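Here is a set of exercises to work through with the model open beside you. Try each task yourself before reading its solution.

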Amino acid sequence: MAEVWTIAEASGGTLKEVSFELLARGRSLADELGVPLASVVLTDEIEEAELQRLASYGADIIYAERDPRLAPFTVASHAAFLTALVTRHAPQIILAAATTSGRTLLPYLAVKLGCGLTADCTALAIEEGTGNLLQIRPAIGGNIMATIKSPDHRPQMATIRPRSTPLPSPDHARRATIIPIAVTDDFHDPVQVLSLRPFGDQSSSIENAAIVVSGGKGLKKRDNFTLIEDLAAALGGAVGASRDAVDRGWASYPHQVGLSGKTISPELYVAVGISGAIQHLAGIKTAKTIVAINRDSEANILALADIAIIGDLFAIIPVLLRRLEERRTIE
Amino acid sequence: MHIIVPIKQVPQSSDVKMDPVTGTMIRSARSSVLNPLDLYALEAALHLKDEHGAQVTVVTMGPPSAVQILKEALSMGADRAVHLTDRLFGGGDTYATSYVLSRAIEKIGSFDLVITGERATDGDTAQVGPGIASWLDLALATYVSAIEEVADGHLIAERLIEEGYQRVRVSLPALLTVVKEIAIPRLPTLRGKKRAMGKEIETWDAEAIAADRTKIGLKGSPTRVVQIETPKVARSALIYHADGDEATVQACDHLLDFLQERNLLAEVHHG
Ligand SMILES: Cc1cc2nc3c(=O)[nH]c(=O)nc-3n(C[C@H](O)[C@H](O)[C@H](O)COP(=O)(O)OP(=O)(O)OC[C@H]3O[C@@H](n4cnc5c(N)ncnc54)[C@H](O)[C@@H]3O)c2cc1C
């Protein structure tokens with residue numbers, strides 16, 4: 001009974017939330033196939049109790065390796081451990097997160113294992129009759145949805161967008177068997193991580209934010225961009241920007257949303273003074289709720305928005321901030 | 001130093017508009033261009049050429065019309081162009097495509113660096129770059145936003161990841177996939193265009209790169225596209241007009257009510 005696997009991500013001894021999202025996906029696939037669900041953790045140090053959190057989100061088995069070479073993530077080391085592990089256990093499905101690590105590791109691994117891989121899936125299902133994994137993903141800037149399968153190759157591999165899976169409530173009573181990987185291979189990783197320069201403020205991490213407030217050329221100058229920062233702070237969100245705003249130096253590149261920036265799926269996306277060019281929309285197609293603030297009632301962004309205020313943003317944002325503050329003081 | 005830049009021809013995206021009613025894509029002129037994200041890879045290579053002196057080879061797998069993007073790359077300053085074209089290559093997924101490109105790179109010969117764009121704007125997978133690195137067992141650094149230093153046998157680069165900028169030391173030969181921040185692409189010059197006209201583009205088929213027939217094209221691809229749908233992404237927006245002070249307050253209140261209803265107005269604690 002070939003297992004379903006998820007690749008967990010951890011840093012500093014703590015599992016990342018996306019690890020649990022993958023298990024939520026994996027659990028329903030494993031149940032449908034009637035096979036065990038396993039999670040693979042490759043990191044330097046992690047406590048047993050932390051590992052068991054994977055069980056509370058659905059893992060039956062945890063393959064864990066603690067090795068100083070495994071953190072921070074580098075692709076050759078992780079691929080070496082995984083290739084050995086996959087060869088030993090022959091899982092039928094491997095799910096990883098569509099993060100910078102997952103999107104580096106999985107294509108590298110797919111070639112080593114000679115199997116198929118689908119990037120950035122938003123939905124998964126088991127095909128009736130064959131048991132094949134159906135992998136559904138957006139392409140061409142989110143303008144089409146393609147369903148893909150790998151009928152003749154195992155494992156079937158897919159990366160899943162972070163934040164595209166609601167988390168079930170954990171069952172703290174569940175326990176999983178922890179199996180060490182123990183790869184003795186002596187190998188040399190040609191990439192060495194020297195240091196990390198973290199973003200000055202957390203508002204740069206737009207791919208993990210539940211709420212993103214973005215500003216565009218409609219802000220007119222750098223000084224006005226503080227309106228976006230204020231609104232983001234008031235809503236508890238991160239700051240995003242259109243390419244035009246980034247190219248003008250109002251926000252730095254890590255904030256850029258869209259085709260040549262980041263693709264994000266927040267719960268709430270607020271586009272202020274952004275026209276909604278197709279390249280911008282490519283980055284927000286899977287956002288759950290979209291709000292537009294724009295003076296042009298014909299702006300392209302309205303095609304994707306759930307709610308819009310048409311008018312001058314310089315008049316609207318201060319009022320919005322005030323009304324929000326008032327609402328909170330009353331409560 | 002010898003740098004190889006694999007590039008791809010993609011449908012032009014800037015002509016594409018959204019139909020506000022159906023939410024589907026309207027393509028006015030279905031023209032093809034060099035994948036805009038590959039321009040950053042090419043620029044990064046040309047920049048290294050300007051700084052350190054390097055040979056830059058571009059290679060593409062694609063239909064006969066793809067010579068267009070090779071000419072563009074030559075006129076920007078690439079030295080050599082290779083066109084991989086064969087009906088047998090058709091319908092390849094990222095596994096088959098990265099295999100063909102890796103075979104070609106091996107045939108092109110000794111190199112220090114392969115630089116690719118982060119992804120192509122049509123397929124959107126970001127899988128071909130890492131795939132090539134895997135076929136050729138190259139050191140791999142993805143999402144590179146800066147190349148700080150190139151020395152004998154290694155380079156120092158910065159990667160843009162979720163947590164910030166990560167500095168890495170990468171042994172050569174290596175494959176880098178780069179993001180927009182790495183460079184501002186130059187425009188082809190008239191002189192460059194003239195120079196490009198005089199350059200021959202080499203054309204190779206499956207046999208020329210000694211490709212294993214079981215690994216190329218649709219037949220060599222593990223994945224199958226079983227269905228394509230054009231989802232209707234248009235959402236019918238609730239629209240409030242903020243004309244005048246009172247309407248602005250009302251519009252803002254409607255918006256806040258809407259957000260509250262969807263549980264999007266969590267309490268924010270100020271530090
Ligand atoms: C290959 C390629 C890749 C690209 N990648 C990206 C990408 O990743 N991300 C991206 O964003 N773009 C990208 N673009 C650029 C994209 O085509 C647009 O040019 C860009 O998104 C426009 O930015 P904007 O909406 O801020 O500016 P504009 O299109 O100029 O829109 C400004 C908006 O502000 C509104 N406005 C002005 N003043 C006010 C006011 N006082 N109150 C309210 N509203 C006001 C206007 O009505 C207008 O809708 C890319 C383009 C190409 C060709």
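## Exercise 1: the ligand site

The ligand sits between chains A and B. This is a predicted model, in which local features need pLDDT of at least 70 and side-chain atom pairs count only at pLDDT 80 or more, while totals for chains, interfaces and linings use all residues. Residues are numbered from 1 along each chain as its sequence is written, chains are lettered from A and ligands numbered from 1 in the order in which they are written, and side-chain values use heavy atoms, with hydrogens and water left out.

**Task.** Find how many residues surround the ligand, and which are the closest.

**Solution.** 
- Step 1. Collect the shell, taking a residue as near if one of its heavy atoms lies within 4 Å of the molecule. This gives 27 residues, and the closest are A:K217, A:S242, A:S275, A:Q279 and A:N294.
- Step 2. Sort the shell by residue type, with Ala, Val, Leu, Ile, Met, Phe, Trp, Tyr, Cys and Pro as nonpolar, Asp, Glu, Lys and Arg as charged, and the others, Gly among them, as polar. The shell then holds seven nonpolar, 13 polar and seven charged residues.
- Step 3. Look for polar contacts, meaning pairs of N or O atoms within 3.5 Å; within protein, one must be able to donate a hydrogen and the other to accept it, and residues adjacent in sequence count only if both atoms are side-chain atoms. A ligand nitrogen is 2.8 Å from a polar backbone atom of A:V257. A ligand oxygen is 2.6 Å from an N or O atom in the side chain of A:S275, and a polar side-chain atom of A:Q279 lies 2.7 Å from an oxygen of the ligand.
- Step 4. Check the cover, using accessible areas from the Shrake-Rupley method with a 1.4 Å probe (for residues, only the protein chains shown count as cover). On its own the ligand has 990 Å² of accessible area, and the protein covers 84% of it.
- Step 5. Ask which elements give two or more residues to the shell: they are helix 6 (243-247), helix 7 (278-281) and helix 8 (313-330) of chain A. Helices (H or I, at least four residues) and strands (E, at least two) are DSSP runs, numbered from the N terminus.

## Exercise 2: helix 3 of chain A

**Task.** Work out what span helix 3 (residues 75-89) of chain A should have, and list its buried residues.

**Solution.** 
- Step 1. The expected span is 1.5 Å times one less than the number of residues. For the 15 residues here that comes to 21 Å, and the end C-alpha atoms are 21 Å apart, so the two agree.
- Step 2. Count as buried any residue under 20% relative accessible area, as exposed any over 50%, and as partly exposed those in between (1.4 Å probe, protein chains only). The buried residues are A:V75, A:A76, A:S77, A:H78, A:A79, A:F81, A:L82, A:L85 and A:V86.
- Step 3. An α-helix has 3.6 residues a turn, so residues three or four places apart point the same way.
- Step 4. Find the packing partners, with contact meaning heavy atoms within 4.5 Å. In chain A they are strand 1 (4-7), strand 4 (37-43), strand 5 (61-66), strand 6 (93-97) and helix 4 (102-113), joined by strand 9 (139-151) of chain B.
- Step 5. Look past the end of the helix: A:A90 follows, with a positive phi near 45 degrees.

## Exercise 3: across to chain B

**Task.** Which residues is B:Y95 in contact with, leaving aside its neighbours within four places in sequence?

**Solution.** 
- Step 1. B:Y95 belongs to helix 3 (residues 94-108) of chain B, and at 11% relative accessible area B:Y95 is buried.
- Step 2. Its contacts in chain A are A:A110, A:V111, A:G114 and A:C115, and those in chain B are B:W135, B:K215, B:G220 and B:P222.
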